[in-house]
Amino acid sequence: MKNIEMILPEENSLYTDVCKIIDNRRIRVATYLNTEICLINWHVGKRIKEDVLYNQRADYGKQIVKQLAKRLTEKYGNGWGDRKLLHCIRAAYIFSEEEIVYATRIQLTWTHLRSLMFIEDKLARSFYMEMCHIEHWDTRTLDQKIDGQLYERTAISRKPENVIKKELAYVKDTNQLLPDLVFRSSYFLDMLGLPDYFSEKDLESAIITQMQQFINELGSDFAFLSRQKRITVDAVDYYIDLLFFHRGLRRLVAIDLKLGKFKPEYEGQMLLYLRYLNKNERKEYEESPIGLILCSEGNTEHIEYLMLDEESPIKVAQYYTQLPDKNLLSEKLQRAIAIAKAHYTERELDRKDK
């Protein structure tokens with residue numbers, strides 16, 4: 001028989017402690033390296049930017065970047081081509097040194113920053129940066145969210161700049177999500193593979209089949225609880241299409257699926273669901289439930305008015321079973337944002353007059 005080497009309890013304890021030391025130090029080294037890489041790139045870009053601005057000639061800038069890239073590549077290898085230097089320069093224009101340090105502190109990499117630097121709107125950049133942090137997006141997910149115009153589809157984008165800044169600052173300081181960062185005016189459900197004609201039941205079944213992809217579109221931290229959740233009020237049975245829990249918001253989320261445009265009676269039905277959930281299903285540590293009504297057609301003003309009501313526990317959004325044309329979607333979102341901001345300003349003026 002082979003000798004079986006006995007491992008004493010104290011040896012297990014020593015092994016565990018040594019592993020913790022190695023793992024913790026590795027994390028610190030990786031974090032330090034990431035910070036230094038991003039700062040090196042930013043400082044290189046800043047120095048080139050200063051040189052180009054000093055000479056005040058665009059053609060000089062192109063020429064000097066190519067020459068510099070060639071010499072740096074000879075000395076340091078292929079990682080310092082002219083494309084890399086252009087990214088460094090752009091980073092120096094877009095970010096401050098403090099923003100670079102903050103980004104690395106929340107574990108964003110140079111690849112994250114490279115995607116963020118091409119977002120012109122500073123508030124949108126801040127939104128994506130905080131969402132990367134809170135929802136732990138890798139760079140592929142970040143690119144998908146930017147390409148899908150996530151920021152423009154969220155309720156927060158409909159607000160005036162000073163309100164957006166205040167809410168993003170709150171998220172940054174507390175590391176807590178707000179509902180307006182989670183819920184959107186439209187959702188892309190092309191992953192369901194539905195035919196041109198389908199019923200609400202078909203839609204619900206497709207969502208259950210493709211639950212992981214559906215949750216990815218909703219956003220991280222959604223946990224599925226129930227399908228066709230039965231509730232009974234005055235001996236009458238009602239059924240909530242889908243019931244989720246959002247860990248970050250600490251709320252139950254009831255989802256109702258509708259074909260066609262939003263109708264006012266849908267709001268009353270959802271309020272009944274939410275009041276029942278609040279009374280009978282809500283735990284002590286949870287916030288009050290929130291509802292999401294998903295409609296297959298968008299009637300912009302109805303949806304915008306409901307999204308503007310910050311005290312309402314109900315969100316309404318349109319869903320697309322096929323990806324819309326990106327330019328047309330962008331125009332629609334910008335128009336919706338303009339309508340929402342006009343309504344928001346009008347409401348604030350009315351409040352001041354009263």
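User: Are Asp180 and Lys315 buried or exposed, and what does that word mean here?

Analyst: Both Asp180 and Lys315 are buried. Buried means under 20% relative accessible area, exposed means over 50%, and partly exposed is in between, using a 1.4 Å probe and protein chains only. Keep in mind that this is a predicted model, where local features need pLDDT of at least 70, side-chain atom pairs count only at pLDDT 80 or more, and totals for chains, interfaces and linings use all residues. Residues are numbered from 1 along each chain as its sequence is written, and side-chain values use heavy atoms, with hydrogens and water left out.

User: What makes Asp180 and Lys315 a salt bridge?

Analyst: The test is a side-chain nitrogen of Lys or Arg within 4 Å of a carboxyl oxygen of Asp or Glu. For Asp180 and Lys315 the closest N and O atoms are 3.2 Å apart, so the pair passes. Asp180 lies in helix α10 (residues 179-182) and Lys315 in strand β6 (residues 314-320), so the pair ties together parts that are 135 residues apart in sequence. Helices (H or I, at least four residues) and strands (E, at least two) are DSSP runs, numbered from the N terminus. Salt bridges with shared partners link Lys159, Glu167, Asp180 and Lys315 into one network.

User: How do you know where Lys159 and Glu167 stand, buried or exposed?

Analyst: Lys159 has a relative accessible area of 3%, so it is buried. Glu167 comes in at 14%, so it counts as buried too. Their side chains meet in a salt bridge of 2.8 Å, N to O.

User: What about Lys326 and Asp147?

Analyst: These two form a salt bridge as well, with the closest N and O atoms 2.5 Å apart. Lys326 sits in helix α15 (residues 326-353) and Asp147 in helix α7 (residues 139-147), so they tie together parts that are 179 residues apart in sequence. At 44% relative accessibility Lys326 is partly exposed, and so is Asp147 at 47%. The whole structure holds 13 salt bridges.

User: Why is strand β4 called largely enclosed?

Analyst: Because 8 of the 8 residues of β4 (residues 251-258) are buried. Arg251, Val253, Ile255 and Leu257 point one way from the strand, while Leu252, Ala254, Asp256 and Lys258 point the other way.

User: How do you know which strands β4 pairs with?

Analyst: Two strands pair if DSSP finds at least two bridges between them. Strand β3 (residues 236-246) and β4 have 5 bridges in the antiparallel sense, so they pass. One link there is Phe245, whose bridge partner in β4 is Leu252. β4 and strand β5 (residues 290-295) run parallel, joined by 6 bridges, and Ile255 stands opposite Leu292 in β5.
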